[in-house]
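Good morning, and thank you for coming.

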Amino acid sequence: MSDAAQPSAAEVRAAAEAVKAALDRHLDAVERRSGEDDPAVYTAFNELAAAAEAYDELLYEVYDEVTPFEIPGDGTMPAYTGPEEPHALSVLIRRDYTVTESQRLLSQAQRVADLDPDVELGGPGLNGAEAGTGVGVHAALGVLFGEYEPDEIASRHKEFGLEEGDSTLWVTAADEPAEPGEWLNAPFDQADPERVICRFDVSAVFDEELDDEELEDEDEGEEEEVDDEDDDELEPLDSER
């Protein structure tokens, strides 16, 4: 950012005052809420989130400081505003892993290197690195991800000593195909949420939510079974009468 565009301390102060006013409006809306889904509370929440974000950005730009709080989003994507009949697509994928078995990772990479003399091991390579050291793991990851497609890594991650974390896939629409090499240095910078056609997320958080729902269903099922047993015991008495 140029010096001419640098925000002033007065703008930071004004943004802070806007946050204070938004806090008062939010609290007032909460105190006066008419129900669980009161639109006034929802509106005040969004205004507070916008004011806090603006203040945080100005505070960082002027003073290189950040706020100690974060306003969470609702997890929904904005409305799609891209072309109705897109002719160009971008598929954005992120998959996270943790290295759980360094020796397995090193062994798999060494196997690839032994079969292909053109494989670059990077620096001292695998032969000179002890299992579990940063240099060896770094070189092994470079070998494996250079040899196998990302989808194959995902399907065989346990063989490579990896454990899956969260992953997300976005399919986005573009007006025209990108020029060759245009986005390679910053592949995700131009991702526009309003042009996302579909999105698929995988996270352990969702598994935990499903487990909680299953436990609730099981508890309800047990209560129903007890009720059924009580009914069965009463039926003979009714028939005798």
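First, the ground rules. This is a predicted model, in which local features need pLDDT of at least 70, side-chain atom pairs count only at pLDDT 80 or more, and totals for chains, interfaces and linings use all residues. Residues are numbered from 1 along each chain as its sequence is written, and side-chain values use heavy atoms, with hydrogens and water left out.

Let me begin with the helices. Helices (H or I, at least four residues) and strands (E, at least two) are DSSP runs, numbered from the N terminus. Two packed helices are described by the angle between their axes and the distance between the axes. How do helix 1 and helix 2 pack? Their axes lie 8 Å apart, at an angle of about 160°. That makes helix 1 roughly antiparallel to helix 2. On the terms used here, axes are lines fitted to C-alpha atoms, for helices over the stretch in contact, with angles from 0 to 180 degrees between N-to-C directions; under 35 degrees counts as roughly parallel, over 145 as roughly antiparallel, 65 to 115 as roughly perpendicular and the rest as oblique. In the contact of helix 1 with helix 2, the residues comprise 22 nonpolar, 1 polar and 3 charged. For that division, Ala, Val, Leu, Ile, Met, Phe, Trp, Tyr, Cys and Pro count as nonpolar, Asp, Glu, Lys and Arg as charged, and the others, Gly among them, as polar.

I turn now to the salt bridges, of which the structure holds 10. A salt bridge here is a side-chain nitrogen of Lys or Arg within 4 Å of a carboxyl oxygen of Asp or Glu. One of them joins Arg25 and Glu47, whose closest N and O atoms are 3.4 Å apart. This pair links distant parts of the chain, with Arg25 in helix 1 and Glu47 in helix 2 (residues 39-63), 22 residues apart. The cut-offs are under 20% for buried and over 50% for exposed, with partly exposed in between (1.4 Å probe, protein chains only).

Within helix 1 (residues 9-31), Glu17 and Lys20 lie 3 residues apart, about one turn of the helix. Their side chains meet in a salt bridge of 3.3 Å, N to O. Glu17 has a relative accessible area of 39%, and Lys20 one of 43%.

Another salt bridge, at 2.9 Å, brings together Arg32 and Asp28. Arg32 is exposed, at 64%, whereas Asp28 is partly exposed, at 34%.

Finally, some individual residues. Which residues of helix 3 are buried? They are Leu105, Leu106, Gln108, Ala109, Gln110, Val112 and Ala113.

The loop between helix 2 and strand 1 (88-99) contains Asp64, a residue other than glycine with a positive phi, near 60°. Asp64 is exposed, at 54%. Glu85 lies in that loop between helix 2 and strand 1 and is exposed, at 64%. The C-alpha atoms of Glu85 and Asp175 are separated by 9.5 Å, although the residues stand 90 apart along the chain.
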